[in-house]
Amino acid sequence: MVRNTVTDLDHLTQALARNLKHLRAERGFTLDALAARAGVSRGMLIQIEQARTNPSVGTVVKIGDALGVSITSLLDFDQEPQVRLVPPEQAVRLWSTEAGSHSTLLAGTEAPGPLELWHWKLVPGDASDSDPHPIGTAELVHVREGTLTLDVDGDKYTVPAGTSACFESHVPHGYRNDGTETVEMTMAVSVPEPR
């Protein structure tokens, strides 16, 4: 009996292939352009993207540097969902004083380029739809009051007060208040650098 076993190395090879393709496309690099930036042959990049080789750590570091990401981002085989909800208990208080002042990191994302911070108020029954933004645009939303219905590419997410959501907004998306309380939320939008 022949067993088809998948090893950790197989997972890493597949993750590297998937992540390299995604990051290269997100940054608009051709194979030739990335090869030149990284000092790696075009043929090696093709083999990596097709998961046909296990490159050296040095090669992966060169590719990561050329893409502006860490080696862990390239090798991350726990593919994150398009939307990541961050419940209140996962927020991190980074600074506080005895008087009661504090700062809390609600959610974060890696994205180069402009970053916008917004305050939103949605009364019950109101909605706002958005066309897709450029590839690489990311949004962070933190609901302070009420319950937001977040629509990302046709999938609906319920985001209650105290919860944050992170998502890539290069797909159709929108914000709705299906509840009876006003939604108050803070939003940050990170747009990629112009190419």
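The structure holds six salt bridges, a salt bridge being a side-chain nitrogen of Lys or Arg within 4 Å of a carboxyl oxygen of Asp or Glu. The model is predicted: local features need pLDDT of at least 70, side-chain atom pairs count only at pLDDT 80 or more, and totals for chains, interfaces and linings use all residues. Residues are numbered from 1 along each chain as its sequence is written, and side-chain values use heavy atoms, with hydrogens and water left out.

**Salt bridges**
- Arg27 forms a salt bridge with Glu26, their closest N and O atoms being 2.9 Å apart.
- Arg27 is buried, at a relative accessible area of 18% (buried means under 20%, exposed over 50%, partly exposed in between; 1.4 Å probe, protein chains only).
- Lys156 and Asp151 meet through their side chains at 3.0 Å, N to O; Lys156 is partly exposed, whereas Asp151 is buried.

**Sheet**
- Five strands form an open, antiparallel sheet in the order β1-β9-β6-β11-β4; strands are DSSP runs (E, at least two residues), helices likewise (H or I, at least four), numbered from the N terminus, and two strands pair if DSSP finds at least two bridges between them.
- β1 (83–86) and β4 (115–122) stand at the edges with a single partner strand each, so one side of each lacks a neighbour in the sheet.
- Four bridges join β1 to β9 (residues 164–168), and Arg84 has Cys166 in β9 as its bridge partner.

**Helix α4**
- In α4 (residues 57–67), the buried residues include Thr59, Ile63 and Leu67.
- On the other side of α4, Val57 and Asp65 are exposed.
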